[in-house]
Amino acid sequence: SGASAQLTMSEIDAFRAQMQRCWSVPAGAANAASLVVQITVYLRPDGSLAQPPVLRDTSRLATGDAYYRAAAEAALRAIRRCAPYRLPADRYSTWQELDLRFDPRDMLGG
């Protein structure tokens with residue numbers, strides 16, 4: 001939604017490819033579909049993080065779901081580890097704030 005909706009598919013794919021290098025899906029999760037994590041990322045023009053990534057659904061952490069917590073922590077860790085991101089500088093306004101959806105099924109190609 002918002003500015004991230006204006007990204008082209010190739011830009012989204014490029015970002016996803018960079019994330020796949022750093023993100024590992026938690027092993028042993030019973031239902032991958034329930035481990036979709038949504039995070040907002042704020043970036044500087046050089047692709048580095050402007051501020052820490054923000055988990056958008058913190059209510060799920062309160063339920064004590066250990067698999068969701070592991071998935072959320074893995075996604076947040078991957079965002080920090082993979083920075084800075086290589087994205088087109090001339091389109092900074094479209095990717096300075098990204099609403100990301102970490103879905104194990106997408107990242108594993110399934």
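**Helix on sheet**

I started with how the helix and the strands sit together. Helix α3 lies across β1, β2 and β3, and runs at about 20° to β1. A reminder to myself before going on: this is a predicted model.

Next I asked: in what order do the strands of the open sheet come? I read β2-β1-β3, an open sheet of 3 strands with antiparallel pairing. The edges belong to β2 and β3, each of which has a single partner strand, so one side of each has no neighbour in the sheet. From one strand to the next, the twist averages 20°.

I then looked at one pairing in detail. Strand β1, residues 37–43, pairs with β2 in the antiparallel sense over 4 bridges. Across this pairing I found Tyr-42 standing opposite Gln-51 in β2.

**The core**

I turned to the nonpolar side chains. In soluble globular proteins, nonpolar side chains tend to be buried together. Here I noted that the largest nonpolar core has 28 residues. Which residues have the most contacts inside it? They are Val-37, Ile-39, Leu-43, Ile-79 and Phe-102. At least two residues of this core come from each of α1, β1, β2, α3, α4 and β3. The helix α3 gives the most to this core, with 9 residues.

Leaving out residues up to four places away in sequence, Val-37 touches Leu-55, Tyr-68, Ala-71, Ala-72, Ala-75, Leu-100, Arg-101 and Phe-102.

Leu-100 was my next stop, in strand β3. Buried or exposed, I asked of Leu-100? With 13% relative accessibility, Leu-100 counts as buried, because the cut-off for buried is under 20%. Neighbours within four places in sequence aside, Leu-100 is in contact with Phe-15, Val-37, Gln-38, Ile-39, Val-41 and Ile-79. I also checked Leu-100 against Ala-75: the two are 25 residues apart in sequence, and their C-alpha atoms are 9.8 Å apart in space.

**Aromatic pairs**

How many aromatic pairs does the structure hold? I have 2 in my notes. Trp-23 and Phe-102 form an edge-to-face pair, 5.2 Å centre to centre with 70° between the planes.

I placed both Tyr-92 and Trp-95 in helix α4 (residues 92–95), 3 residues apart, about one turn of the helix. Trp-95 counts as buried, at 0% relative accessibility.

**Salt bridges**

Last, I went through the charged side chains. The count comes to 3 salt bridges.

Asp-99 forms a salt bridge with Arg-56, and their closest N and O atoms are 3.7 Å apart. What does this pair tie together? Asp-99 lies in strand β3 (residues 97–102) and Arg-56 in the loop between β2 (49–55) and α2 (59–62), so the bridge ties together parts that are 43 residues apart in sequence. I have Asp-99 down as partly exposed, with a relative accessible area of 23%. Arg-56 is also partly exposed, at 41% relative accessibility.

Arg-60 forms a salt bridge with Asp-65, with the closest N and O atoms 3.7 Å apart. Arg-60 counts as partly exposed at 23% relative accessibility, and Asp-65 is partly exposed with a relative accessible area of 25%.

Arg-69 is partly exposed, its relative accessible area being 37%. Glu-73 is partly exposed too, with a relative accessible area of 39%.

Technical notes
Residues numbered from 1 in each chain as written. Predicted model: local features only at pLDDT ≥ 70, side-chain atom pairs only at ≥ 80, totals over all residues. Heavy atoms only, no water. Salt bridge = Lys/Arg side-chain N within 4 Å of Asp/Glu carboxyl O. Buried < 20%, exposed > 50% of the residue type's maximum accessible area, 1.4 Å probe, protein only. Pairing = 2+ DSSP bridges. Axes fitted to C-alpha atoms, helices over the stretch in contact; angles between N-to-C directions. Contact = heavy atoms within 4.5 Å. Phe/Tyr/Trp six-rings, centres within 6.5 Å; stacked < 30°, edge-to-face > 60°. Core = buried A, V, L, I, M, F, W, Y, C linked by side-chain atoms within 4.5 Å.
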